[in-house]
Amino acid sequence: MKRLLLLLATFISVAGSITVARAETTLEKISQTGIFTIGTRTGSPPFAYVNKNNEWVGFSIDLVETSILPLISKKLNKQIKLEKKESAPNTRIPLLTSNAVDLIAETMSDTQSRREQVDFSLTFFATGAQFLVKRGTPIKGIQTIAGKRIAAQQGSTNAKIIRERVPTAKLLEFPDQPAAFQALAQGQVQAYTNDGIQLAGLKAKAPKPDEWAIVGEFFSYEPYGMAMRKNDSDFRQVVNVGLMEAIESGKYFELYEKWFGPKGEVPYPLAPETKRFLQMQVVPK
Amino acid sequence: MIEFRDVDKWFGSLHVLKRINLKVSGGEVVVVCGPSGSGKSTLIRCVNRLESIQSGEIIVDGQSLLDPKFDPSKLRTDVGMVFQSFNLYPHMTVLQNITLAPTKVKGLAAGEAEKVAKELLDRVGIPDKAGVYPANLSGGQQQRVAIARALAMKPKIMLFDEPTSALDPEMINEVLEVMTDLAHDGMTMVVVTHEMGFARRVAHRVVFMDEGQIIEEGKPETFFGAPQSPRAQQFLGKILSH
Amino acid sequence: MTYNFDWSVLWRGQSGLWLLQGLVTTIEISVVAWVVAFTLGIFSGAVRTVSITPLRWLASFYVEFFRNVPLLVWMFFWYFAVPPLLPQPLQDWLFDHGAEFWAGVVALGVYHGARFSEVMRSGIQSIPKTLFEAAVSTGLTMAQAYRLIIIPIALRLIIPPATNESLNLIKNSSVALTIGVAELTFQTRQIETYTAKAFEALTAGTLIYLVLCLAIATTMSQLEKRFAIPGMITKRQTGEF
Ligand SMILES: Nc1ncnc2c1ncn2[C@@H]1O[C@H](COP(=O)(O)OP(=O)(O)OP(=O)(O)O)[C@@H](O)[C@H]1O
Ligand SMILES: [Mg+2]
């Protein structure tokens with residue numbers, strides 16, 4: 001018992017004093033090791049996932065590979081290798097702060113509270129929360145979910161909003177998308193809420209896509225950004241310039257077509273106002 | 001009271017009782033002896049059906065154990081048994097050990113059962129140990145409680161399987177005294193023991209077993225004075241030289 | 001650059017309430033599942049030591065089958081695979097009344113029941129067989145001998161390994177978050193996603209589990225002392241029953 005208490009005390013004092021001591025900047029670190037490490041998903045098509053041929057690919061990964069990696073190599077004047085590590089909503093920030101990865105490039109929404117922990121790049125994709133339902137169910141959007149059983153991804157901003165705006169809805173949070181979709185398919189829940197683009201991906205992948213419908217206006221705004229360690233503006237500048245150049249040169253829209261075009265993984269037409277918004281983020285040279 | 005008719009028993013391929021024929025009448029005290037592994041324990045365990053037999057018949061108190069209507073629990077209320085390792089219930093006091101079966105099996109009222117238990121403790125010579133737990137008793141005291149526990153069911157027959165073998169020498173007599181009293185009160189008893197003094201003094205008959213067979217049986221004075229079979233002679237030679 | 005600890009996230013906003021709700025749910029699911037597991041374990045563990053062969057086989061089948069399939073699979077089984085077998089109105093009623101909680105209870109209870117069963121069986125087997133024989137020799141039936149003698153003694157003997165199993169059950173209750181039960185681990189993750197303070201949330205969760213487990217371990221060792229069989233503790237140290 002005494003020994004346990006001692007252990008407890010040690011644990012607390014160690015936890016209290018962990019400081020991830022690091023003198024060098026991200027660019028210095030990349031230059032030294034020759035490796036640029038990103039944290040990304042394995043199951044979030046088409047942003048980042050492992051495809052049928054067992055290749056780790058996706059829109060977010062393509063953006064890094066074609067627009068950010070070459071810029072880093074150019075800036076450091078040497079060939080830099082890209083490495084990918086798996087990240088998940090609850091490991092992203094620790095991965096960054098512990099130096100295990102240099103950039104989170106997946107489907108992470110930029111939020112004010114997250115900005116207290118990490119810095120974000122420009123928004124590279126904008127979406128918002130909607131509902132996936134069986135075609136023909138009465139749920140039409142957030143106004144019609146009172147008393148209904150709704151699945152959400154655990155800890156997502158969508159879950160937070162529903163809890164605040166429709167407290168009578170019975171919210172069930174699942175740690176991953178397959179479990180949530182399974183619950184929807186079997187009737188444990190009547191709708192599944194997530195970012196519209198995620199739902200589109202899920203629908204496209206479903207055995208019978210026509211059985212499912214994505215309904216409702218966006219009831220949240222989910223701007224996806226790439227996250228990096230706080231207060232490292234040289235590195236952030238490289239990432240942002242990479243993204244701006246991709247938008248300006250049209251490379252971004254080629255990639256968009258590849259992944260979200262009619263023949264892409266998840267057809268999801270680019271709304272004119274979204275395109276305009278992306279372009280307006282590009283500041284003059 | 002007890003009758004074995006051509007009884008055979010196997011443990012797997014091991015033939016432990018071979019065509020046993022034995023009769024014990026009411027009030028008789030029979031001592032069973034023989035070398036280790038000869039089947040003595042198995043023999044008496046068949047009487048209260050702790051072991052079942054493969055052929056032959058056993059009749060206890062007029063009832064055949066092969067009878068389809070036979071109920072082992074019912075039989076066991078009439079046949080008390082005392083083991084080498086006293087087997088008291090360690091989580092219960094002496095009093096609870098003794099009153100458990102009378103209240104649970106016979107439905108005796110708690111007060112009534114306790115009265116009986118106290119009389120029995122008196123009889124086995126430890127009236128002051130009612131509230132004590134078994135672990136706090138000496139071996140001899142534990143065995144006497146075990147006898148009292150068996151007697152509490154007012155059995156017609158008592159079986160003893162080497163009741164003194166686990167005891168220190170100075171405690172053996174206190175247990176044998178209780179058994180002697182019991183015999184003098186007319187209890188039908190089958191006792192597996194190597195206590196030849198007890199056998200001489202108390203037994204009406206001695207049964208000698210070897211390799212699953214009854215080799216010889218007779219009055220103690222005959223058996224000890226002039227054993228017939230070479231095996232019994234050899235066995236007695238060994239025992240008495242100790 | 002250093003990681004800035006900000007422990008105040010744990011009491012600012014809703015975090016404190018969430019931790020409390022998570023703790024309550026963890027205790028609820030663990031207690032109900034424990035009762036299921038303990039009952040199943042005692043019963044099937046005892047049955048595995050009796051001489052009635054079909055019953056023993058049934059109990060052995062239960063133990064081997066449930067113990068050797070991962071808990072996560074059982075969670076999904078009871079939550080996703082079982083409800084579709086029920087009539088539609090019952091399904092809807094269940095889904096409206098915390099189906100995930102009850103699926104979690106059944107999964108944890110049945111899985112840990114199989115593990116308790118093993119603990120119980122070895123407890124009973126450490127009791128000399130002649131004690132059982134002595135009990136039935138006085139006319140007690142087999143069921144009475146188990147109920148009055150064998151099981152009460154075994155229960156005292158198994159307190160230390162049963163405490164271990166109980167703590168495992170509490171820790172394993174966090175697997176229920178995969179089917180959406182908002183227990184303690186779920187809530188620490190929630191705090192983490194809302195405040196982006198991973199270390200703080202994780203530490204808070206870990207400490208709560210630690211305190212919970214310490215409290216149970218202490219209570220159980222008190223219980224062990226309270227119900228110790230007189231004379232047995234010293235005997236056990238010398239290797240006797
Ligand atoms: N449950 C059992 N399963 C298999 N074999 C057994 C069993 N019980 C006894 N035996 C064997 O049966 C034979 C007779 O055993 P039993 O216990 O009746 O002998 P015993 O005369 O009482 O010996 P001891 O003086 O050593 O007590 C022995 O060879 C013993 O190993
Ligand atoms: Mg013997």
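In this predicted model, helix H3 (residues 94-105) of chain B packs against helix H4 (residues 110-123) of chain B, with the two axes 9 Å apart and an angle of about 125 degrees between them. H3(B) is therefore oblique to H4(B), since angles from 65 to 115 degrees count as roughly perpendicular and those over 145 as roughly antiparallel. The crossing of this pair, H3(B) and H4(B), is right-handed.

On the H3(B) side, the contact is formed by Val94(B), Leu95(B), Ile98(B), Thr99(B), Pro102(B) and Thr103(B). Their partners in H4(B) are Ala110(B), Ala113(B), Glu114(B), Ala117(B), Lys118(B), Leu120(B) and Leu121(B). Sorted by class, the contact of H3(B) with H4(B) comprises nine nonpolar, two polar and two charged residues.

Chain A contains another helix pair. Helix H3 (residues 59-76) of chain A and helix H9 (residues 233-249) of chain A cross at roughly 130 degrees, and their axes come within 9 Å. H3(A) and H9(A) are therefore oblique to each other. The crossing in which H3(A) passes H9(A) is right-handed.

H3(A) contributes Leu63(A), Ser67(A), Ile68(A), Leu71(A), Ile72(A) and Lys75(A) to the contact. These residues meet Phe235(A), Val238(A), Val239(A), Val241(A), Gly242(A), Leu243(A), Glu245(A) and Ala246(A) of H9(A). By class, ten nonpolar, two polar and two charged residues make up the contact of H3(A) with H9(A).

The surroundings of ligand 1 are drawn from chain B. They include the run Pro35(B), Ser36(B), Gly37(B), Ser38(B), Gly39(B), Lys40(B), Ser41(B) and Thr42(B). Phe11(B), Leu14(B), Val16(B) and Glu162(B) also surround ligand 1.

| Residue | Polar atom of the residue | Distance to an oxygen atom of ligand 1 |
|---|---|---|
| Gly39(B) | backbone | 2.9 Å |
| Ser41(B) | side chain | 2.6 Å |
| Glu162(B) | side chain | 3.3 Å |

At the level of whole chains, two pairs are in contact, and chains A and C share the most contacts. Chain A and chain B are not joined by any contact. The closest C-alpha atoms of chain A and chain B lie 28 Å apart.

How values were computed:
Residues are numbered from 1 along each chain as its sequence is written. Chains are lettered from A and ligands numbered from 1 in the order in which they are written. This is a predicted model: local features need pLDDT of at least 70, side-chain atom pairs count only at pLDDT 80 or more; totals for chains, interfaces and linings use all residues. Side-chain values use heavy atoms; hydrogens and water are left out. Axes are lines fitted to C-alpha atoms, for helices over the stretch in contact, and angles run from 0 to 180 degrees between N-to-C directions. Helices (H or I, at least four residues) and strands (E, at least two) are DSSP runs, numbered from the N terminus. Angles under 35 degrees count as roughly parallel, over 145 as roughly antiparallel, 65 to 115 as roughly perpendicular and the rest as oblique. A crossing is left-handed if the near helix is turned anticlockwise from the far one by less than a right angle, and right-handed if clockwise. Contact means heavy atoms within 4.5 Å. Ala, Val, Leu, Ile, Met, Phe, Trp, Tyr, Cys and Pro count as nonpolar, Asp, Glu, Lys and Arg as charged, and the others, Gly among them, as polar. A residue is near a molecule or strand if one of its heavy atoms lies within 4 Å of it. A polar contact is a pair of N or O atoms within 3.5 Å; within protein, one must be able to donate a hydrogen and the other to accept it, and residues adjacent in sequence count only if both atoms are side-chain atoms.
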